[in-house]
Amino acid sequence: MKKLTLAVLATLVATSAYAAQEHKGALETCMKAALAKHAGDVISLEAEIEKGKPIYEFDIKGKDGKEYIVTGN
């Protein structure tokens, strides 16, 4: 879980400090929903702001060894 937290924080810093502060709660909510859909490890995250709303894309390596892409807002 610590590796996941560090990866998410590093990605947030890279995307934009504004987006990280403004939409932190939405990111956490979307990440929990993505992991509920496909249990495993988040291996990458993309974050964008479209029309003032955050859009997140999570690449998840599932516990079954498959890789999944989950998009949410």
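What follows are my entries, in the order I looked things up.

**Entry 1: overview**

I noted at the start that this is a predicted model. I then went through the secondary structure and found 3 helices and 3 strands. Read from the N terminus, the elements run α-α-α-β-β-β. Of the 73 residues in the protein, 27% are buried. For contacts between residues at least 6 apart in sequence, 33% join residues at least 24 apart.

**Entry 2: the sheet**

Next I turned to the strands. In what order do the 3 strands form the sheet? I read the order as E1-E2-E3, in an open sheet with antiparallel pairing. E1 and strand E3 (67-72) are the edge strands, each with a single partner, so one side of each has no neighbour in the sheet. Neighbouring strands here are turned against each other by 15 degrees on average, direction ignored. A reminder to myself: strands of a sheet pair through backbone hydrogen bonds, either parallel or antiparallel.

**Entry 3: E1 against E2**

I followed the pairing of strand E1 (residues 40-50) with strand E2 (residues 53-62), which is antiparallel and spans 10 bridges. I wrote down a few facing residues:

- Aspartate 41 stands opposite lysine 61 in E2.
- Valine 42 has isoleucine 60 of E2 opposite.
- Isoleucine 49 has proline 54 as its bridge partner in E2.

The hairpin of E1 and E2 has 2 residues between the strands. I stopped at lysine 51, found in the loop between E1 and E2. Is lysine 51 buried or exposed? I found it exposed, because its relative accessibility is 86%, above the 50% cut-off. Its phi is positive, about 55 degrees, although lysine 51 is not a glycine.

**Entry 4: E2 against E3**

On to the second pairing. E2 and E3 are antiparallel too, over 6 bridges. Here I picked out glutamate 57, which stands opposite threonine 71 in E3. The hairpin of E2 and E3 has 4 residues between the strands. In this hairpin, glycine 65 takes a positive phi near 90 degrees.

**Entry 5: the nonpolar core**

Then I looked inside. Which residues make up the largest nonpolar core? I listed 10 residues: Leu27, Cys30, Met31, Ala34, Val42, Leu45, Tyr56, Phe58, Ile60 and Val70. Helix H3 (24-37), E1 and E2 are the elements that give two or more residues to this core. H3 provides the largest share, with 4 residues.

**Entry 6: valine 42**

Valine 42 lies in strand E1. I count valine 42 as buried because its relative accessibility is 11%, under the 20% cut-off. I also checked valine 42 against glutamate 67, which is 25 residues apart from it along the chain. Their C-alpha atoms are separated by 9.7 Å.

**Entry 7: the aromatic pair**

Last, I went looking for aromatic pairs. How many does the structure hold? I found 1 aromatic pair. Its members are tyrosine 56 and phenylalanine 58, with ring centres 6.3 Å apart and planes at 35 degrees, so I logged the pair as tilted. For the next reader of this notebook: a pair of aromatic rings is described by the distance of the centres and the angle of the planes. I looked up the burial of both residues as well. Tyrosine 56 counts as buried, at 4% relative accessibility, and phenylalanine 58 is buried with a relative accessible area of 1%.

Definitions and conventions: Residues numbered from 1 in each chain as written. Predicted model: local features only at pLDDT ≥ 70, side-chain atom pairs only at ≥ 80, totals over all residues. Heavy atoms only, no water. Pairing = 2+ DSSP bridges. Buried < 20%, exposed > 50% of the residue type's maximum accessible area, 1.4 Å probe, protein only. Contact = heavy atoms within 4.5 Å. Core = buried A, V, L, I, M, F, W, Y, C linked by side-chain atoms within 4.5 Å. Phe/Tyr/Trp six-rings, centres within 6.5 Å; stacked < 30°, edge-to-face > 60°. Axes fitted to C-alpha atoms, helices over the stretch in contact; angles between N-to-C directions.
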